[in-house]
Amino acid sequence: MSDTFKPTKYILQSVKTGKTFPDEGWTLDAPGESDPTLIRAIYEKKQIDVKDDSFGLFKFADWLPVNKMLKGSYAPVTYKSEGLAKELGLSNLYITFSGYWPEKGIEMPTCSFKETEAYSVGGRLHVEDGKVLVVASAGNTARAFARVCSDNKIPLLLCVPEDNLNALWFDEPIDDSVVKLVVTKSGSDYFDAIHLSNLAVQIDGFIPEGGAKNVARREGMGTTVLSAVTHIGRIPDYYFQAVGSGTGAIAAWEANLRFIEDGRFGKNKMKLMVSQNCPFKPIHDSWKADSRDILPFDDEVARKQVEEIDAKVLSNRRPPYPIAGGLYDAMKDAGGDVLLAKNEEARAAAELFEKLEGIDIHPAAAVAVASLINAVKENEVEKDATIMVNITGGGENRFKNDKKVTYLKPVHIFDISPSKETVEEVITKLF
Ligand SMILES: *Cc1c(COP(=O)(O)O)cnc(C)c1O
């Protein structure tokens, strides 16, 4: 890996108005625009040069909005399925895998594609500015950011509900001089953690990670498609992914548009076959009603549904679906459908996948596989179509068998709804 890294050149663009502007370092919104919109990176380099594997995720740096490379990363891997493909009678099924699977040359220590976004977000951040990154999460995102920020000395404030602390397992200890974990006390949920992080980012020197609005987050997740298309040699016909926020599918669509401009991989748009875990299905219901807005739902009902589903990472209640350039626009432009899978279907799919492909997969990835199985049964995809399945997480059981894991401990436990003053007093002392 060479030390002389030359960042790729890019500008940002409002999806809503098409106006372009420079990246001021951490631009999350279109300057001067009041209508909500995602912003997009436009790279000067239209044809991607993929570097060798020693660069990890940064082998795709031509299309990543980063100013440096971080160490320790892996890019998602893509291979042509034999076992599952044969079982389903598909002749061009490709698996893109993020997680831990040494035989495939991939050892992401946090076992999901959230690690790709942690690396690209970290690579976008100008550490020399001395800002503290603030991330709220209930699971895979928290683990990914803790690992990447710890290994690369990026100051991080992590806000997590106390009841989700079991998601914070690591094979190597986290450097608690750079990563500070605070929790909202037992009985709170992801929304309380978000509330806490919203108070934290009002303090001088603390900046929000930004979620779907952060181009680096989307580009990190989009590397799954960069891996698939450059491996297969063409843009697939179908893209399968389980979604909570849908950010991964938006990123997939954006990568697809870039490949069309690249010109070497075809001109088609992959149909976005996204899936949710029954009975929690706000994106499904809104899409089927052809509504750009998420249909209103009862909070109490939603809470019970979330309790029921296996794939908790899919429980986002405010997905970037209505926003300009968000999931609704992506699916309208590319085509596709929102599919569903029940817990039992996903469990059976995970078992089948492990038997036929050889690795355990995350419950969310199992939802995607189950929806592929259903789509094949219902003849929604042609048997010879080129299909990409985004296995967003896997190898967690394998990882925990191979390694001894330790847990990150919180430095402070907040009440469910702390005051702004309390948050400020506690947090400023931490860094
Ligand atoms: C976050 C996550 C998802 C959902 O991704 P979005 O694109 O944000 O909806 C799917 N699978 C796994 C393993 C995840 O961690």
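Predicted model: local features only at pLDDT ≥ 70, side-chain atom pairs only at ≥ 80, totals over all residues.
On the H2 side, the contact is formed by Lys 114, Glu 115, Glu 117, Ala 118, Tyr 119 and Val 121, which meet Asn 140, Thr 141, Ala 144, Phe 145, Val 148 and Asn 152 in H3. By class, this contact of H2 with H3 comprises six nonpolar, three polar and three charged residues.

In the second pair, the axes of helix H5 (residues 215-232) and helix H6 (residues 247-262) come within 8 Å and cross at roughly 55°. This angle makes H5 oblique to H6, and the crossing of H5 past H6 is right-handed. The H5 residues Arg 217, Arg 218, Glu 219, Met 221, Gly 222, Val 225, Leu 226, Val 229 and Thr 230 meet a set of H6 residues that includes Thr 247, Gly 248, Ile 250, Ala 251 and Phe 259. Nine nonpolar, four polar and five charged residues make up the contact of H5 with H6.

With a relative accessibility of 1%, Thr 116 counts as buried, because the cut-off for burial is under 20%. Apart from residues up to four places away in sequence, Thr 116 touches Leu 57, Pro 76, Met 108, Gly 220, Met 221 and Thr 223. Among these, Met 221 is also one of the H5 residues that meet H6.

Helix H13 (residues 420-430) has the buried residues Val 423, Val 426, Ile 427 and Leu 430. Viewed down the axis of H13, these buried residues fall within an arc of 95°, so they line one face of the helix. The face turned away from this buried side carries the exposed residues Glu 421, Glu 425 and Lys 429.

Helix H4 (residues 190-200) contains Asn 198. The relative accessible area of Asn 198 is 42%, and Asn 198 is thus partly exposed. The C-alpha atom of Asn 198 is separated by 8.9 Å from that of Val 134, although these two residues are 64 residues apart along the chain.

Methods:
Residues numbered from 1 in each chain as written. Heavy atoms only, no water. Axes fitted to C-alpha atoms, helices over the stretch in contact; angles between N-to-C directions. Helix = DSSP H or I, 4+ residues; strand = E, 2+ residues; numbered from the N terminus. Parallel < 35°, antiparallel > 145°, perpendicular 65-115°, else oblique. Left-handed = near helix turned anticlockwise from the far one by under 90°. Contact = heavy atoms within 4.5 Å. Nonpolar A, V, L, I, M, F, W, Y, C, P; charged D, E, K, R; others polar. Buried < 20%, exposed > 50% of the residue type's maximum accessible area, 1.4 Å probe, protein only. Arc of directions from axis to C-beta.
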